[in-house]
Amino acid sequence: MDGSSLDIRKQQLEKLREAFPEAVSEQGIDWEKLHRTLGDDVALTNERYVLNWAGKSDAFKAIQTPTTATLKPQREQSIDFDTTQNIFIEGENLEVLKVLQKSYYGKVKMIYIDPPYNTGNDSFIYPDKFSETKEQYLKKIGDKDEAGYLTKEGFFRKNSKENGQFHSNWLSMMYPRLFLARNLLEDEGVIFISIDDNEVHNLRMVMNEVFGEENFLADLIWEKRYTRSNDAKLMASVVDHILLYRKSHAVTKLREARTEKSDSIYTNPDNDPRGPWTSVSYVSQRTKAQRKNLSYRIQNPFTKVEVEHPTNAWKYSEAQCEIHRREDKLFWGNDGNYQYPRLKKFLSELTDGLVPVNLWNHRDTGTIDDGTREVDSLVGKDVFDYPKPVSLINRMLKLASEEEAIVLDFFAGSGTTAHAIWELNKEDGGDRRFILVQLPEHTGENTEAHKVGYPTIAEICKDRMRRVSKKIKEEVEAQPDLFKDKPLDLGFKVLTLEPSNFKIWRTDVIETEDELRKQMNAFVDPVRIRSEADDMAWEILLKSGYELATPMEKIDVEGMPVYSIADGELVLILESVTREAIEAIIASRPKRVICLDRLFAGNDQLKTNTVLQMKDAGVEFRTI
């Protein structure tokens with residue numbers, strides 16, 4: 001554990017080294033060798049089709065710069081902290097995505113985000129100068145008011161359309177977040193992104209670059225309203241876009257569940273023993289010239305007349321048609337009065353569900369007004385603007401997530417994603433779990449949210465989740481038999497993004513021998529002042545690659561407190577150390593043990609013996 005998030009640059013270089021070892025050396029990439037290997041497939045000129053903007057190179061720097069930040073548990077704000085699998089993280093989402101890389105790389109099944117639409121009135125993080133350093137950036141996102149809330153002035157900027165870098169600012173904000181989000185998706189994972197007409201064209205190009213154009217699945221058109229606004233000056237907007245991309249070609253099929261409405265077209269007017277059926281045309285859209293082998297004559301069994309379409313071919317070969325005839329699947333009408341046959345399709349044969357369509361109308365998917373009513377009923381009227389309805393997220397979940405899946409939303413807003421997951425788990429008995437990330441964005445003193453006690457968007461989200469959890473628990477308690485075998489997880493862990501509990505070595509501040517000496521002396525004890533053992537344990541768990549839902553308990557071993565992670569797989573010694581406790585820990589056969597080095601102060605013999613004993617027992621032992 002080096003204390004930093006995953007090094008994206010190093011990881012990408014390792015992928016390239018694995019694929020083209022001859023083109024990667026200790027000095028980096030040898031472009032000449034790579035060019036020789038790939039030939040004309042390497043583009044070395046500037047004349048190529050590419051999305052570019054002011055600050056794109058800095059967006060890549062933001063991706064490549066690891067973070068040393070950690071997540072601090074907030075038990076008093078959580079529900080069922082020790083048992084829940086659901087996570088809510090309060091903090092700046094770019095840093096949070098970096099923090100999550102080691103623990104959740106390739107584990108998320110579905111991502112949904114509803115980012116700023118960049119209408120000219122949005123406030124979000126973007127650098128004033130594209131030469132902004134990491135230190136300046138961290139200082140900006142650390143600016144807080146007296147109550148400890150992030151200030152809009154120090155954290156957010158309104159991206160006005162009059163800004164000369166209006167689109168560039170938005171792209172610089174989105175690109176690194178999308179890049180890191182892709183890392184978290186499993187190979188069979190997908191991402192949905194809500195957007196409107198302002199940036200859908202740019203977002204599509206960014207997604208093509210990050211995910212690959214071949215992984216574009218759909219531009220879903222969602223009917224967010226079904227009435228026009230007479231306040232609009234030129235054109236009323238009644239739809240939003242939802243871009244859908246897959247992580248890889250491992251996603252080969254998407255299906256929606258059948259509904260009563262979709263099944264209502266299946267009837268059984270002729271009492272066929274195979275059950276309800278419907279019929280589809282036997283005539284192909286292809287002409288006879290295009291499909292010569294599918295052009296032949298078919299006899300109507302009622303009239304004995306042989307028919308052939310004058311211009312078009314049939315959908316099926318003559319051999320297949322004979323099978324359909326023997327199986328009594330050709331339908332000529334009740335009295336044989338159809339000019340051409342139709343093919344019977346039985347409901348019992350349909351096991352695959354419905355092929356999804358890219359138009360989601362308001363009747364099936366809900367509207368902004370529905371989302372507003374849901375939020376108003378839970379946290380108060382006019383507290384949150386334009387929330388997405390539960391039915392919209394629910395449809396995505398049914399399309400793209402199994403009953404046991406991790407779902408990520410790093411623009412959580414009012415918490416609709418958590419609400420939808422709980423409702424769907426209640427409906428189908430699933431065990432989907434969520435990771436929500438939301439900035440503690442100040443609501444503004446003159447807003448209705450602030451007046452009723454919500455100083456930040458994050459507070460709205462958390463309170464909505466608490467109220468939804470309570471509501472569903474009451475519904476479940478009224479039907480105890482339905483969930484007695486598999487209780488619903490209606491809790492969530494709250495964690496906040498915080499600086500590391502450990503001191504970070506700073507090479508950028510060392511210019512003299514005296515400064516080097518001072519920093520070395522400071523690192524005799526690597527723990528920051530006022531760092532608590534519980535917080536250090538959570539940081540080590542996270543940076544050791546464990547999920548945040550991993551069981552961790554503080555136990556007593558021979559009178560010494562230790563932290564047991566993943567049922568004893570990893571043991572942390574953070575408060576005191578004794579010979580008897582070390583021997584007992586080794587006897588429990590953990591895979592790894594991590595200990596604060598300062599606990600061995602004045603007892604080099606105990607440290608030496610511990611190292612040797614751990615090695616003999618096959619236990620990986622590290623000190624911090």
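Which residues does Ile573 touch, not counting residues up to four places away in sequence? In this predicted model, local features need pLDDT of at least 70 and side-chain atom pairs count only at pLDDT 80 or more, while totals for chains, interfaces and linings use all residues. Residues are numbered from 1 along each chain as its sequence is written, and side-chain values use heavy atoms, with hydrogens and water left out.

**View 1. Ile573 and the nonpolar cores.** Ile573 touches Met560, Val562, Ile582, Ile585, Val593, Ile594, Cys595, Leu596 and Leu599, residues up to four places away in sequence being left out; contact here means heavy atoms within 4.5 Å. Together with Leu548, Ile573 touches the most other members of the largest nonpolar core, which has 89 residues. Such a core is a set of buried Ala, Val, Leu, Ile, Met, Phe, Trp, Tyr and Cys residues joined through side-chain atoms within 4.5 Å, where buried means under 20% relative accessible area, exposed over 50% and partly exposed in between (1.4 Å probe, protein chains only). A second, separate core of 51 residues includes Leu244, Val375, Val407 and Ala420.

View 2. Helices (H or I, at least four residues) and strands (E, at least two) are DSSP runs, numbered from the N terminus. The 21 residues of H16 (residues 457-477) should span 30 Å at 1.5 Å a residue, and the end C-alpha atoms are 30 Å apart, which agrees; the expected span is 1.5 Å times one less than the number of residues. Among the buried residues of H16 are Ile460, Asp463, Arg464 and Val468. The axes of H12 (residues 368-379) and H16 come within 9 Å and cross at roughly 80°, with axes taken as lines fitted to C-alpha atoms, for helices over the stretch in contact, and angles running from 0 to 180 degrees between N-to-C directions. That makes H12 roughly perpendicular to H16, a class that covers 65 to 115 degrees, whereas angles under 35 count as roughly parallel, over 145 as roughly antiparallel and the rest as oblique. Glu374, Val375, Leu378 and Val379 of H12 meet Ile460, Asp463, Arg464, Arg467 and Val468 of H16.

**View 3. Thr417 in helix H14.** Thr417 lies in H14 (residues 416-428) and, at 1% relative accessibility, counts as buried. Leaving aside neighbours within four places in sequence, Thr417 is in contact with Tyr112, Ile393, Val407, Asp409 and Leu436.

View 4. Arg579 lies in H19 (residues 579-587) and counts as partly exposed at 45% relative accessibility. The C-alpha atoms of Arg579 and Leu606 are separated by 6.9 Å, although these residues are 27 residues apart along the chain. Arg589, in the loop between H19 and strand S25 (592-595), has a positive phi of about 60° although it is not a glycine. With a relative accessible area of 67%, Arg589 is exposed.

View 5. Tyr386 lies in the loop between H12 and helix H13 (390-400), where its phi is positive, at about 55°, although it is not a glycine. The relative accessible area of Tyr386 is 56%, so this residue is exposed.
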